[in-house]
Amino acid sequence: MDNDLPTLDRRTMMAGAGALAATALAACGTGGDNESAAASARTPAEQSGGPTVLAKTADVPVGGGVIAGDTVVTQPSAGVFVGLDSTCTHAGCRVGEVAGGTVNCRCHGSKFGLDGSVVTGPAQRPLASRTVRVEGDSVVAG
């Protein structure tokens, strides 16, 4: 049986394994300075396991909203904040923007009111509600 495949000696194998391990560790990071910076950027409530800040109240325009990850925060009227799931009920795409007084899905053109109701299909069900509340100058989850 001919075996034209190259053979690897122990030294080559160990060097390759070491390089792979170093690459994996570099990709994962060590926490170090980045972890410290992230921790100091969190609010005291977040550091102690408190509520997740979705947006500053000043950043959510009256008659508009912002997308914060999987939550859309809208302000239909001054001081009234609404939380909505950012998943379009038509085909499961994430909504892409809040503009012109509606929450808009770019996948198929569905538009939702600032309260989550369907304004324009093809979606037939409203966006799911998310509980949000104002704490100080922030809108938080829960």
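Biologist: What pattern does the protein follow along the sequence?
Modeller: Reading along, you get α-α-α-β-β-β-β-β-β-β-β-β-β-β. That is three helices and 11 strands, where helices (H or I, at least four residues) and strands (E, at least two) are DSSP runs numbered from the N terminus. Keep in mind that this is a predicted model: local features need pLDDT of at least 70 and side-chain atom pairs pLDDT 80 or more, while totals for chains, interfaces and linings use all residues. Residues are numbered from 1 along each chain as its sequence is written, and side-chain values use heavy atoms, with hydrogens and water left out.

Biologist: How much of the protein counts as buried?
Modeller: Of its 142 residues, 26% do. Buried means under 20% relative accessible area, exposed is over 50%, and partly exposed sits in between (1.4 Å probe, protein chains only).

Biologist: OK, new topic. Which strands form the open sheet?
Modeller: There are four, in the order S5-S6-S7-S8, with antiparallel pairing. At the edges are S5 (97–99) and S8 (118–120), each pairing on one side only. Two strands count as paired if DSSP finds at least two bridges between them.

Biologist: And how many bridges join S6 to S7?
Modeller: Two. In one case, Asn-104 has Lys-111 in S7 as its bridge partner.

Biologist: Where is Asn-104, then?
Modeller: In strand S6, which covers residues 102–104.

Biologist: Is Asn-104 buried or exposed?
Modeller: Asn-104 counts as buried because its relative accessibility is 6%. Its side chain also makes a 2.6 Å polar contact with the side chain of Thr-102. A polar contact is a pair of N or O atoms within 3.5 Å; within protein, one must be able to donate a hydrogen and the other to accept it, and residues adjacent in sequence count only if both atoms are side-chain atoms.

Biologist: What is Asn-104 in contact with, neighbours within four places in sequence aside?
Modeller: Val-95, Gly-96, Glu-97, Ala-99, Ser-110 and Lys-111. Contact here means heavy atoms within 4.5 Å.

Biologist: Ser-110 is on that list. Where is Ser-110 found?
Modeller: In the loop between S6 and S7 (111–112). Ser-110 is buried because its relative accessible area is 1%.

Biologist: Which backbone nitrogen lies 2.9 Å from a polar atom of the Ser-110 side chain?
Modeller: That of Ala-123. Leaving aside neighbours within four places in sequence, Ser-110 has contacts that include Cys-88, His-90, Val-103, Cys-105 and Thr-120.
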